[in-house]
Amino acid sequence: MNNFKIFQCENSIDGIFTAIYQAWSSGYGHANVKIEEQCERNNYNNIELFSEYIFVKTNLEQAIMVSRSIKSKISLEAYEMVCRVALSDYKGKGDLIYRFLILGFHIGSKIVGHLSNKVVNQVFMLNRYVNGEAHHLLGFIRFSEQENGILTATIHPKNNVISLVTPHFADRLPNERFVIFDKNRDICSLHLPGKPWIIAEFPDMDSSGYDIPVDNEYESLWKIFFDNIAIKERVNPKLQRNNLPIRFRKDMTEFEYV
Amino acid sequence: MIIQEGMSIQRKLEILSDAAKFDVACTSSGVDRKGNGAGIGNSLACGICHTFSADGRCISLLKILFTNECIFDCKYCINRSSNDVVRASFTPEEVCELTMEFYRRNYIEGLFLSSGIMVSPNHTMELILDALRMLREEHHFNGYIHCKAIPGTDPVLVEAIGWYADRMSANLELPTASSLKQLAPHKSRKNILKPMRQIQLRRESNNEYLGIYDGRQPAGNKVESLLLKDDNSGRSDSVYNKVINSYNQKPHKANDYPIDKKENDFDVDLPNSNKIIPYRKSPTGRSRYVPAGQSTQMIIGATNESDYNIMSVSETLYDNFDLKRVFYSAFVNVNDDSNLPSTVSGPPLLREHRLYQADWLLRFYGFKMTELLNEKNPNFNVLLDPKCDWALKNLEQFPVEVNKASYYTLLRVPGIGVNSARRITAARKSAVLDFKDLKAMGIVLKRAVYFITCNGRMMYPIKLNEDFITRELLAVKDRLPFGIEKDITYKQLSLFDDRRFQTDDRLILQQFSHA
Ligand code: SF4
């Protein structure tokens, strides 16, 4: 039985980077440390009896130092890849990033091509997974117009992609006030015309008022379009399900049936 | 003709989206455009699917007809003049309203406006031009617009519309001029190819003017146009005119390619240059003419052309008309016309699928059409995808060494696609790859094992024997889109039999039944 020093940190990019900073500089040696992010999916059933748990308090300065060294010693591309891994719902992502960085600082910018390496490949696959969900949502997000003209959308993404999708809408809808709620994480992004968009937490905020559809006219026009554009002779629910997984549908106007 | 007065927008949308559904092209791809910070909209080159309809197809654009009134009588079309269907027309204002309100709510990437022909091609295209102009200039819509070029439209209108649209398409409808004449008596090959050539030439001159090269332009022209680009602010008339003149005098690139006249009846008289003098500045303030290029569509299975006929046409269109996409639409006999093939047992989806696979091989895999089909062997294999089929006929080119083969050689290996080939070429820079590495990289080896070596060794010691590999490949299930498998009933197979099962394929079938 191995005695690990387990650095437990917040489930965020900054939290993971802080833990990496502290584990790296702890002097225990890479083989003896582990990073473990706290996430909803961790039920702590597998607490390792003989390991020592070290609680890491997120420290912005240390986190920034880590991101700076990734950018300068590896590459911007590697930095972005690591961030997307940190946004994923993969359990053990903190430790994966740590292992990836050990290789990266050793090999440099070429690391991203080392796809036959298990760690690098895992990072690569997670990037595709996170990017894939973000790209899906660029299309699947549905806004409803509230009485006050604000556009609101609700999403339930597996990965924490709100910061990846919001810039697209800020660019596309510069004159709109819009809010995107991530109901799985109780966070939302807000955009006002002429201002930079922000992400806010709303653990106690009651957003239920926003669920009431105010927007009937164009929503029903959209449903009419959606139903009529399908070719009856080619109806194919399996293909439809494969292209548009069921889990997205609860937030999509055209799949709401009363 | 039934025309209802004062029809609601709901009812119009119902009729005019239903009437547009057979147009396949619904992609919003081909142009990257950031938001301009003022209006509404941007565009991503990769395209975005917003939802998938019950038939499993991507919905990206608000795909509607401007009107389903039509003075033409194309046999395959529900809107043909001889049909007694309810007719409706949008106003340009209604088209704008739907596009804008759908776009804000993120239902769509933009608009795909097609139309029946009301009064005349020019009358219809003028209304469409109005709608597009209003969208771009009054509503400051900066999203994607795909617009149909109706055959027989005046070139001046085509010229104007191209400044507002991202993509335009003139549908070829049928692979040969004779079947077109037969089924669409009011259309002619020439009328369809004319706007296509006009748009092609116009795009080339626009790209040249802007100094944009997509690899098709002769390098010699670069210098002059780049100068022009740098000289953006004080563009001197003489330099500008020089370019225009040289453009008009130059024998045109598009005609440098030999056209296979016998096969394709593309020998209609098409202009070498569009005589229209390009606007100095675009009248719309937009700088690019049809930036996402052109596409077209052919109906598959309404007439008896072979896959070879169809693919020859596609290749010609890609090579000589610079098309971005050719779409294939499995024929559905909507009019229950007894002169046309019946589709009660389902449209020819498998055939459509094979054509898309082959089209892909032409566009991204470096294949030539003649490698896949020829006059003796004019149809695709029902049981194997075109690449497997090709590989089996060319076993002497295999196996290839994963650590050495060029990117394009890797692409020819069954089971290795663009993603896998890219990953392999990236990974082998830093390590010598073995089969277990390929597996770890997520590369599917089921088909590929018979065609590759790693460090000179094959995964299993197999002899490259055609029969054996054929059987193994048939055992790996063809990744057909869902729902196609169940469509190949025995009845259909026997229908295919005379035309589609050539000697080779019969052999395969026999092996199949022995197994
Ligand atoms: S021109 Fe032909 S294909 Fe087009 S709407 Fe009219 S009848 Fe249909």
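## A salt bridge between the chains

In this predicted model, the side chains of A:Glu145 and B:Arg105 come together in a salt bridge, with a separation of 3.2 Å from N to O.

On the side of chain A that touches chain B, the elements giving two or more residues are α5 (118–140), α6 (162–172), α7 (216–228) and α8 (237–243) of chain A. Sorted by class, this side of chain A consists of 27 nonpolar, 15 polar and 14 charged residues.

## Extent of the chain A and chain B interface

The contact draws 56 residues from chain A and 64 residues from chain B. Together the two chains bury about 5,300 Å² between them, and 57% of that area lies on carbon and sulfur atoms. Of the area that chain A buries against chain B, 15% is supplied by A:Arg172, A:Tyr218 and A:Arg234, which is more than any other three residues provide.

## Two domains within chain A

Chain A is itself divided into two parts, with domain 1 covering 5–133 and domain 2 covering 141–255. Taken over C-alpha atoms, the centres of domain 1 of chain A and domain 2 of chain A are separated by 31 Å.

Where these domains meet, seven residues of domain 1 of chain A are in contact with nine residues of domain 2 of chain A. The area that the two domains bury between them is about 760 Å², of which 49% is on carbon and sulfur atoms.

## Links across the domain boundary

One salt bridge is counted between domain 1 of chain A and domain 2 of chain A. A:Glu133 and A:Arg247 form a salt bridge in which the closest N and O atoms are 2.8 Å apart. The two domains of chain A also have five residue pairs in polar contact between them, again with both residues at pLDDT 80 or more.

On the side of domain 1 of chain A that touches domain 2 of chain A, α3 (76–87) and α5 of chain A are the elements that give two or more residues. The most comes from α5(A), which gives three residues to this side of domain 1. By class, the residues on this side of domain 1 of chain A are three nonpolar, one polar and three charged.

Terms used:
Residues are numbered from 1 along each chain as its sequence is written. Chains are lettered from A and ligands numbered from 1 in the order in which they are written. This is a predicted model: local features need pLDDT of at least 70, side-chain atom pairs count only at pLDDT 80 or more; totals for chains, interfaces and linings use all residues. Side-chain values use heavy atoms; hydrogens and water are left out. Contact means heavy atoms within 4.5 Å. Buried area is the accessible area (1.4 Å probe) that two parts lose on being put together, summed over both. A salt bridge is a side-chain nitrogen of Lys or Arg within 4 Å of a carboxyl oxygen of Asp or Glu. Helices (H or I, at least four residues) and strands (E, at least two) are DSSP runs, numbered from the N terminus. Ala, Val, Leu, Ile, Met, Phe, Trp, Tyr, Cys and Pro count as nonpolar, Asp, Glu, Lys and Arg as charged, and the others, Gly among them, as polar. Domain bounds come from an automatic or database domain assignment. A polar contact is a pair of N or O atoms within 3.5 Å; within protein, one must be able to donate a hydrogen and the other to accept it, and residues adjacent in sequence count only if both atoms are side-chain atoms.
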